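Reader: I would be grateful for a close look at one part of this protein, followed by a connected account of related features elsewhere in the chain.

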Amino acid sequence: MHETRSFAPPPAFAAAANLNAAKLEQLHAHAACDHEGFWADQARTQLSWRQRFEQTLDSSLAPRYRWFTGGLLNASYNCLDRHLAARGDKTAIVFEADDGAITRYSYAALHAEVCRLANALRGLGIGKSDRVVLYLPMGAQAVIAMQACARIGAIHSAVFGGFSAESLKDRIEDAGARLVITADAAPRGGKRVDLKTAVDKALAGGCASVERVLVYRRMDGCAMQPQRDLWWQDRVPTQCAECEPEWVESNHPLFLLYTSGSTGKPKGVQHSTAGYLLGATVTMQWVFDLKQSDVFWCTADIGWITGHSYVAYGPLSNGVTQLIFEGIPTYPDGERFWRMIAAHQVSVFYTAPTAIRALMRLGDHLPARHDLSSLRLLGTVGEPINPEAWMWYHRVIGGGRCPIVDTWWQTETGSMMIAPVPGAVATKPGSCTRPLPGICVDIVDEDGKPVTQIGRGGFLVITRPWPSMLSTIWGNDERYAETYFGRFGDQVYVAGDGAQRDEDGYIWILGRIDDVLNVSGHRLGTMEVESALAAHPRVAEAAVVGRPHDIKGEAILAFVVVRGERADAIAEGLPRELCVWVAEQLGAIARPDEVRLVDGLPKTRSGKIMRRLLRSIGAGETVTQDTSTLENPAILEQLRG
Ligand code: WT7
C-alpha cells in the first residue's frame, strides 16, 4: 500500500488499443447514466441470439436477478457456429501435452468434435437441465465436453482433477449428476494421475444418480465396469458432425462450479447462459485488448472459474486462437512456460501470482534464454500480487513493454470486475485499479456506509447487479441470499474481501475477511479442513488458519487437540499422518504445511476459538490480543510450536 510507482499505458499500445482513455470514458459514462441500457447494448451487439430478449433486467425477485429475460440463445453456437463462415479454418486451440506433443484444432474441427460428443450425450439420454460432472485432465477434451453440454442444454459441473474421490463424491451427489465424464488417467509433470480410480471410489461410496461414466482414453487404460462405463473413443468418433443446438432461455443454467465458503460444505455456484457469456466475452476485449491476431494463453485449469471464463468460453466466443497446456510450469524444467510462449508466439499471457513467484525464484537466466518478444500484454488473477513479483513479471517477462492487468473477480462474479483497461488506465504494482464499465463497486464499513477516508479498509461490495453474476447456489437459494446479500440488503453483493482506496481512487484488495483461505490462488474453507481433520479417529478438535507463505501466498497451519496423550501422538508421527489424511480427504491442495499438536485451543469465555490469536501466532507476530480468558495460559507455548 506504500507502493507509489505508476505505469502509464505505453503510447504505442494505447494507440492500437481497443479502448483508449476517451472510449473507456464513454463506456463508463453510458453505464453510469443508463446501467441497463448499457448492458442491453452490449448483449445485443456481442452475442448472437436466436430470439431477442424482452426485458434487460428483472429485479422483481431480488436478490435473484434475471438478465435478458425471454431471450433464446446457445452458448456453444456463440463460441463455434458463428465463426464458421468467417474463420472456420482458423486455429481455435493449440494443445500442448505434458510430453510436448502438439495438437491443433481449427474452429471447424472443434465444432465437429463438439457436435459428435453432443450427439453421443443425447444418445445416452442426456438432455436439457441434466447435470454432467466433468473430472478431466486439462486439455481440448475438457473444453469439448463443456461445449457439448452447453450445446444440448445440459449443465456441466467441472471438478478439478486434484480433488480427492471424497470431494468428487460430495459434488456429484449435491449436483445429482446423471453422467460423469472422465479419463483413465492424466500425465502431469511426467507422473500419472489416476482419475478413473477416483471416480470408481466416489461412485462406490454413493452417487446413486449416476447412470453412466464416459471415459476418455488419455493414457494406457483403466478398469471398466461393463454396465456403467463407456469409452469415449468407442462412442464419439462415429457420431454425426452436425448437431442442432438446444436453444435455451438466457437464464438457463450453463454450469455449476463448486467453491469453498465459510461453512464445511462447498457451494455449487450456478451461472446463467446469456449474462455469463456476455461477461466472459466483453471482458476479454476490454481487459485483454483482444485482437483477431492474438495468441492467447490462460494457464488456469478447467476445474476453476478462470478455466471456464478465459479458456472454455471467452476465447472461443471471441474467435481467437488459444494455447491450452496439460502440464505444470516446472516440467521438464523451469523454462517450460517461457519456451512455450516463444514456440507458440503467445501475445497475451494470463497466470497466477503464485506461479510468477515460483518461477521468479528460479532466476532471471531461465526466461532470458527465450525470445519473449511476441508478448504484448500480461495478466494475473487469483490473489493479491506482491509488488516484487509484479515488477519481476513486468521487467523480466514483459521486457518493460507489456502492460500488466491485475484482475480481481471471483467464481461468483463470473468475469472480471475490477481490472485496468490497459490502453487507458495507468497501473500500479499490487492494485487491480478500477471497476470495469457497468460494474459498480464500493467499499463500506460495518454499517454499510461508504468508506470515504483514503487508505481505510472496509468490505468490498458490488452495488448493482451485473450480467455475469451467479444466479444462485444450486439447491440452496437461501444460502445464496444469506451469503451474498444478507449483510447490507438485496442491492448490495458482499464479496467477502476487504479492500481500500488510495488517493487516485485505485482499489487495493486486502484479502478475505471470512474464514476462507487462499492457497496458491485456490479458495479453501478453514471449516472444510477442520471437518476433514475431525473425521480422523485420533483428533478431538482442530482449528485451521492461514499463515503467510512466500510462494503459495497463504499456507495451512492446523492446531490439533488429540485423543489420548499428546507426547505419544508426537512420537508416533501423527502430525505427518494428519497432513496425508487431509490430502486424501480433500485433495492435495488442502494438505496442511504444518500440524501442531496442542493440549487445548485458545477460546473466548463464550467458547469461540480465538482465530485471530492463532493467526498472529502462525505469522510469528507478537501476541497483542487479550489472553487473560485462556483457561490454560501454558498452551500459548505449545501453540507457538
Ligand atoms: C477470491 C476469489 C477469479 C478467479 C480465481 C479465484 C481473490 C482473485 C484477485 C486479485 C486480489 C484476488 C479474492 C477473491 N482474488 N483475484 N486480482 N487480487 N485478490 O477465484 O476461487 O472464486 O476466489 O480470490 O480474495 O475473493 P475464486
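Which residues in H5 meet which residues in H6?

Author: The model is predicted, and the description below should be read on that basis. On the H5 side, the residues in contact are Leu110, His111, Glu113, Val114, Cys115, Leu117, Ala118, Leu121 and Arg122. Their partners in H6 are Ile144, Ala145, Gln147, Ala148, Cys149 and Arg151. By class, the residues of this contact comprise ten nonpolar, two polar and three charged.

Helix H5 covers residues 107-123 and helix H6 covers residues 140-151; their axes lie 8 Å apart and form an angle of about 60 degrees. H5 is therefore oblique to H6. The crossing in which H5 passes H6 is right-handed.

From H7, the contact draws on Ala165, Leu168, Lys169 and Ile172. From H8, Ala198, Val199, Lys201, Ala202 and Leu203 take part. Seven of the residues in the contact of H7 with H8 are nonpolar and two are charged, with no polar residue.

The loop that joins helix H8 (196-204) to strand E11 (212-216) contains Cys207. The phi angle of Cys207 is near 60 degrees, a positive value in a residue other than glycine.

H4 contributes Ala75, Asn78, Cys79, Arg82 and His83, which meet Tyr313, Leu316 and Ser317 of H11. Within this contact, four residues are nonpolar, three are polar and one is charged.

Two cis peptide bonds also deserve mention. One of them joins Ala62 and Pro63, with omega about 5 degrees. Pro63 belongs to the loop between strand E1 (55-61) and strand E2 (64-69). Another joins Tyr331 and Pro332, where omega is about 0 degrees. Pro332 is placed in the loop that runs between strand E17 (321-325) and helix H12 (336-344).

Finally, there is the second largest pocket, which holds about 460 Å³ of space. Its lining is made up of 21 residues, and those nearest the centre of the pocket are Ser262, Thr483, Val494, Gly496 and Asp514. Helix H16 (477-485) and strand E24 (493-501) are the elements that give two or more residues to this lining. H16 supplies the largest share, four residues. Sorted by class, the lining of the second largest pocket has nine charged, seven polar and five nonpolar residues.

Definitions and conventions:
Residues numbered from 1 in each chain as written. Predicted model: local features only at pLDDT ≥ 70, side-chain atom pairs only at ≥ 80, totals over all residues. Heavy atoms only, no water. Contact = heavy atoms within 4.5 Å. Nonpolar A, V, L, I, M, F, W, Y, C, P; charged D, E, K, R; others polar. 1 Å grid on protein atoms, 1.4 Å probe; cavity = no way out; pocket = protein on both sides within 12 Å on 5 of 7 lines; lining within 4 Å. Points joined across faces, edges and corners; volume = space filled by probe spheres on them. Axes fitted to C-alpha atoms, helices over the stretch in contact; angles between N-to-C directions. Parallel < 35°, antiparallel > 145°, perpendicular 65-115°, else oblique. Left-handed = near helix turned anticlockwise from the far one by under 90°.
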